[in-house]
Amino acid sequence: MSGNRAVREDAKGHGDSSVVSIRATTGWRFLDLGELWKYRELLYFLAWRDIKVRYKQTAIGLAWALIQPLAMMAIFTILFGKLAKLPSDGIPYPLFALAGIMPWQVFSRSISESASSLVTDQRLITRIYFPRIIVPTTTVLAGLVDFAIAFTALVILMLIYRIAPNINLVFLPAFIILMAITALGIGYWLSALNIEYRDVAYVLPFLTQFWLFATPVVYPSSMVPEQWQILYGLNPMSGVIEGFRWSLLGAGRGPGIMTAVSVLVSATLFISGIMWFRRRERTFVDAVGSGGR
Amino acid sequence: MLNTAIRAEALSKQYRIGQLQRYKALRATITSVLSGTVHAARQVLAGSKNSNLSKEARRHIWALKDVSFTVNQGEVLGVIGHNGSGKSTLLKVLSRITEPTQGWAEVRGRVVSLLEVGTGFHPELTGRENIFLNGAILGMQRREIAHKFDDIVAFSGLEKFIDTPVKHYSSGMYVRLGFSVAAHLDAEVLLVDEVLAVGDAAFQQKCLDRMHQVTNSGRTVLFVSHNMAAIRNLCSRAIVLESGRLVCDAAPEEAIAQYLTSVREVGQPDASTAEPVETGSGRVRILRGKAESPFGEDNTVLAGAPARFIIWYRAAEHQSLVKLGLIITVSDSNGVNIFSCHTGMNQSFSDLPAAGKIVCQVNQIPLIPGEYMAHIVLKDDAGVAAQVNNAIKLRVVDDGSFGLVDLLPPMWGTVVVPHQWHWLPENSDMREVQHGNGS
C-alpha cells in the first residue's frame, strides 16, 4: 500500500495539472498528443490482444500470415503471369507478385478491420474513457506484425531467385510508413462513418476488390500510359507498392511524380481522417447506445 | 484541508430518441411505432394526462438537466434516484465517456469508473492476460499492474484458474476477476455503479469491506445504488436525482427520506421517466411487447392469476436466428427489479425464423396490485441483440385470485408466494403436513 500512497501524493504534488475539465466541445480539433502519450501502453496492449486473439483456436497459428500471401501469389502467378503473360519489370513473376501482395493484403485487411473496430469494441467505448482514436490505430499496428511475418517469405523467395536488394533498400521503411499512414487515414474515416452508417461494412469488401485492380499488384505501373501517371498516383497504394518493389527489388522507375501524388493524397487522408474522427467521436457513444446495462 | 474533488455546474445532457438507431432508417420507423404503442397504452392507463405532451418534447430527453454540486476530497457521495433518473448518465459524463450537452464539470485527479467490471475482458485470453489488458484499459501502467498482480489474484480467489481462458469462467468468476482489478486501482476519484450487486454473498461482503477501506483511505467516491442500507453505511452525503434534475443534496438520512417520499408521492411511475429506452447491437429488433391475462385488457394482469408476455421480434438481416435467449425483468415503481423470466441455458431458442412472436407463460403473477415496469432483453450468440427498458408498463390489479382475504400493503413486500398454513400438535411428525394437505 505504500506504493499507492506514493502515487497519490505524486498526483497531489502536481496540483492543478491533474484537473480534468469536462464540457461540451465544438468544431474541428487535432490530436491531443499529450493524452495519447499517457495512453501509449493501452495502444500496445490492444494491439497485443488483437494479435494474440487472431490466431487462437487455429491449428497452425501464425503460419496463416505466411500462407495467405503465398496462396495468393500462386494464383496470381498462374492467372496473370503464365496465362495472361503480364510483364513484371524484368523480375520473376512470383517475386514480383508477392512484393505487391504483401503490402496490399496488410493494407486491405487493416482498413476493413479498422472500419469495424469501433463497433467490435463498442462495449469498451461505452464504458470507459480513453482516446478513441486508439481503437482503429491498433488494428493497423496489429497488421504490421502480420506484415513482418509475411516478410520472411519474401526474403526466402529472394534467396531462391538470387535477387539481392541494392542501395534503394534504405527507402523501404519510408514506404512502409507511407502504407501505414494510408491505412490509418482511411481507417479513421471508415471507422467513424461505420459507427453511424453500417453501410460501410457492406461497401468495403466490394470496394477493396475493385481497388486491388486499380493498384499495381498484378501488373507493373509501367503499363499505365505516361499521361495517366498523375491520375494513377491519386490511388495512394500505387505509390506504396511501386516504391516497395523499387526499394526492395530494384524494379520499376523509382519514385517520381506518381509517388509524389500518392504521398500527398496519403497525407491528406491521414490528416483529414484524424480531424473527421475527432469531430465525430463526441457522438460515438450516443450512436451505439449503451449496449445493454 | 478541504479541496474540491468534483465540481459540476449546470451539467446537462440531452438525448434524442431515435438517435440511437440512426444507422438504419428502418430502425427509426420501428422505434416510433414502438414508442407510439407505449404512448397509446400510457394514455389509456393514465387518462389524457399526457396528451398535451408535444411531439418534439417526446423526441428529446434531458437525461440530465442543470445538475450542480460539489464533492470535497475524501467525501463519499451517494447518488439515488429511480431508473432513468439520470444516475448512470451522470457517471458517464463525469467519467468522460460521453460529453455533456451544456454546463461543465471539473474533476481533480485520476478518475476510475466501475460502471461495469470486467469491461474489455477478452474471452480467448487467460485470466492473467486479461488482468494486464483490463489494467491497461483502466489506465494502469504495466509496471503498476505487475507490482499488484499477486494482490489482484489473491483478492479474486482465482489462483487455480488464472491461466485458463476466461471463456471457461462462470459469470461469477468473471465478475470477481473484474472487480479485483478495478479495486486495486489507485484513483483519486472512484465512480461506482451498483457493483456490489454481483457475486455470491461472501464476495459481496469482501467488496463492501474493500469499499469501506477505500472510503476510509481519503479517496473521493461517487456511489450510485438502490441499496439504501449501503448508502447509509458508506456515504457522508447523498444527492437525489429525479427526471435528470437534482432535487436534494443533503445528509444521507435526509436524502433517503426525500427519495422515499417522492416514491410515495409519485405512486405510479412518472410517465416522463418511463419512456422505452432501447439499446443493444440491433441484430434482432423487439418490435413490440405486451402482457395479457385471460380476463383484462392488454398490459393489465391479475394478481395471482396466469398471464403471458408476448414479444414480437424481427432479425435485422432477415436470416434465421441460430440462437436466441430472452430475459423479461419486472421492476417496481422504485425501479427495483423484482423478478425475471429467463430462457437460461436449457430453454433458449435455436434456429428461429427471422420474424415472429415469442410467448412467455407465467402461471401465477406473484405481485401485489400496483404499477410495474417490464424490461425485455434479447440475446443472440454474440451478446445483447436488443434491450428495451420500460418496454411494458404493467398494471397488476386484484380480483382475489390469490385466495387471500386481503393483501398486505407494499411495505410488507410486493411479492406473494403461494403458501399454506397448518396447525400441528407439539410432537407430531412433519410428514403429516404433506399427507394432510390443506387442512
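Tutor: Two strands count as paired if DSSP finds at least two bridges between them. The model discussed here is predicted.

Student: Which residue of E7(B) does B:Asp193 stand opposite?

Tutor: Strand E6 (residues 189-193) of chain B and strand E7 (residues 220-224) of chain B run parallel and are joined by 5 bridges. Within this pairing, the residue of E7(B) opposite B:Asp193 is B:Val224.

Student: Which are the edge strands of the open sheet in chain B?

Tutor: The sheet has 6 strands with mixed pairing, in the order E5-E6-E7-E3-E8-E9. An edge strand pairs on one side only, and here these are strand E5 (111-114) and strand E9 (245-250) of chain B.

Student: Which helix packs on this sheet?

Tutor: Neighbouring strands of the sheet are turned against each other by 15 degrees on average, direction ignored. The helix touches strand E3 (76-81), E5, E6, E7 and strand E8 (237-242) of chain B, and its direction makes about 150 degrees with that of E6(B). This is helix H3 (residues 87-94) of chain B.

Student: At what angle do the axes of helix H8 and helix H12 of chain A cross, and with which handedness?

Tutor: The axes of H8 (residues 172-194) and H12 (residues 257-280) of chain A come within 8 Å and cross at roughly 35 degrees. The handedness of this crossing is left-handed.

Student: How many nonpolar residues does the contact of H8(A) with H12(A) have?

Tutor: H8(A) contributes residues including A:Phe175, A:Leu178 and A:Trp189, while those from H12(A) include A:Val263, A:Phe270 and A:Arg280. By class, the contact has 1 charged residue and 7 polar ones, and the number of nonpolar residues is 15.

Student: How many residues apart in sequence are the parts tied together by the salt bridge of A:Arg29 with A:Glu281?

Tutor: The closest N and O atoms of this pair are 3.2 Å apart. A:Arg29 lies in the loop between strand E1 (19-23) and helix H2 (33-38) of chain A, and A:Glu281 in the loop between H12 and helix H13 (284-288) of chain A, so the parts tied together are apart in sequence by 252 residues.

Methods:
Residues numbered from 1 in each chain as written. Chains lettered and ligands numbered in written order. Predicted model: local features only at pLDDT ≥ 70, side-chain atom pairs only at ≥ 80, totals over all residues. Heavy atoms only, no water. Axes fitted to C-alpha atoms, helices over the stretch in contact; angles between N-to-C directions. Helix = DSSP H or I, 4+ residues; strand = E, 2+ residues; numbered from the N terminus. Left-handed = near helix turned anticlockwise from the far one by under 90°. Contact = heavy atoms within 4.5 Å. Nonpolar A, V, L, I, M, F, W, Y, C, P; charged D, E, K, R; others polar. Salt bridge = Lys/Arg side-chain N within 4 Å of Asp/Glu carboxyl O.
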